[in-house]
Amino acid sequence: MELSNFFKYERSLHPGKAVFYYKTTECDFVPLEAEVTRIRGQKAGFAEGFTNDFLPRNLAPQDLAHCNPLAIEECYVPPNVEHLYCRFSLRAQANSISPAACNSPEAIALLTSITEQFNRRGGYKELAIRYCKNLLLGTWLWRNQNSGNTTILVKTSLGNSYEIANTRGLAWESQWPKEDLLTLNQLSDELCVALTDPSVYWHADITAKISTTFCQEIYPSQVFNLKENKVDVTKVFSKVKCVDGRQAVSFNSVKIGAALQLIDDWWGDDSKRLRVHEYGADKELNIARRGPDSTLNFYSIIVNAEKYLTELNENNEVNPDVYYLIAVLIKGGMFQKKAN
């Protein structure tokens, strides 16, 4: 298949912002707020004392002892609050079954045939299980996972509720208890239908209940500040304005989506899961696991769509490349070549 000059897929998973709050005897929703703290930061970076050639800078003895005044936002659980809540909504749509825009009728027909056959082989069910694992494990809590017992509750638009009593007892690779495995399968069944049936409108309400310690630090999303923007506070959290004017710290939707997309372990023998990305970006090592010089990247796979369709028609087992291909289409994006 040849990449056209007009080719895109709408994303299929639409998470909202995740809001942090706690409960009191008087109110079941008290927004968790940030506070501005002014600190005397230390001059301890490599560049403070050395040049790029590892030569000591010409400094007076007191130069590195001076403080570096900073204003940052911090967030802590209020005293005597034992449980913190984080809640967001998720919508799923069947946008990956065919392109949202493409000027090649042949490509549309080919890719639609692939997703139809992929669904018949149970491929969408496997992807739904992986997304739901991240939901139920609380992967989307990021650094806040390193806390006490955490309960995850998922309520869906079909009127069903699914609960994991304690995520601390589960892991991605572990054997889940029968009750939790049943929860995973039932929730993934709903999501699978939503990803494959355009007539279905499906959404879920997800809440994490986190057991906390006294004045525990919380890590919401940070707002990206460009260096040229002169701001007083250098570290700012993402927030949601509540109806009473207070601002609750939050995760932005991109941060939530990134956690749900942590399912790509098809790129090699390593079991490390990556966020779905056209070039397999590994943020920890700052490398591309599916670089353009390999045959593992999205573009090298999609141009061989005819081969993968033949495999799907002839074999019951799904090629790992096809799982990855459809996962990228679920993520959505602009995939066209630039016009000459």
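Biologist: Is asparagine 144 buried or exposed?

Modeller: This is a predicted model, where local features need pLDDT of at least 70, side-chain atom pairs count only at pLDDT 80 or more, and totals for chains, interfaces and linings use all residues. Residues are numbered from 1 along each chain as its sequence is written, and side-chain values use heavy atoms, with hydrogens and water left out. Buried means under 20% relative accessible area, exposed over 50%, and partly exposed in between (1.4 Å probe, protein chains only). Asparagine 144 has 4% relative accessibility, so the residue counts as buried.

Biologist: Which residues is asparagine 144 in contact with, leaving aside its neighbours within four places in sequence?

Modeller: Contact means heavy atoms within 4.5 Å. Asparagine 144 sits in the loop between α3 (123-137) and β9 (150-156); helices (H or I, at least four residues) and strands (E, at least two) are DSSP runs, numbered from the N terminus. With those neighbours set aside, its contacts are Phe20, Ile218, Tyr219 and Phe251.

Biologist: Which backbone oxygen does the side chain of histidine 14 reach?

Modeller: Histidine 14 belongs to strand β2 (residues 13-15) and is buried, with a relative accessible area of 14%. At 3.0 Å, its side chain reaches the backbone oxygen of arginine 11.

Biologist: How many Å apart in space are glutamate 163 and leucine 153, C-alpha to C-alpha?

Modeller: Glutamate 163 is part of strand β10 (residues 161-164) and is partly exposed, at a relative accessible area of 44%. Not counting residues up to four places away in sequence, glutamate 163 touches several residues, including Leu153. The two are 10 residues apart in sequence, and their C-alpha to C-alpha distance is 4.5 Å.

How values were computed: A polar contact is a pair of N or O atoms within 3.5 Å; within protein, one must be able to donate a hydrogen and the other to accept it, and residues adjacent in sequence count only if both atoms are side-chain atoms.
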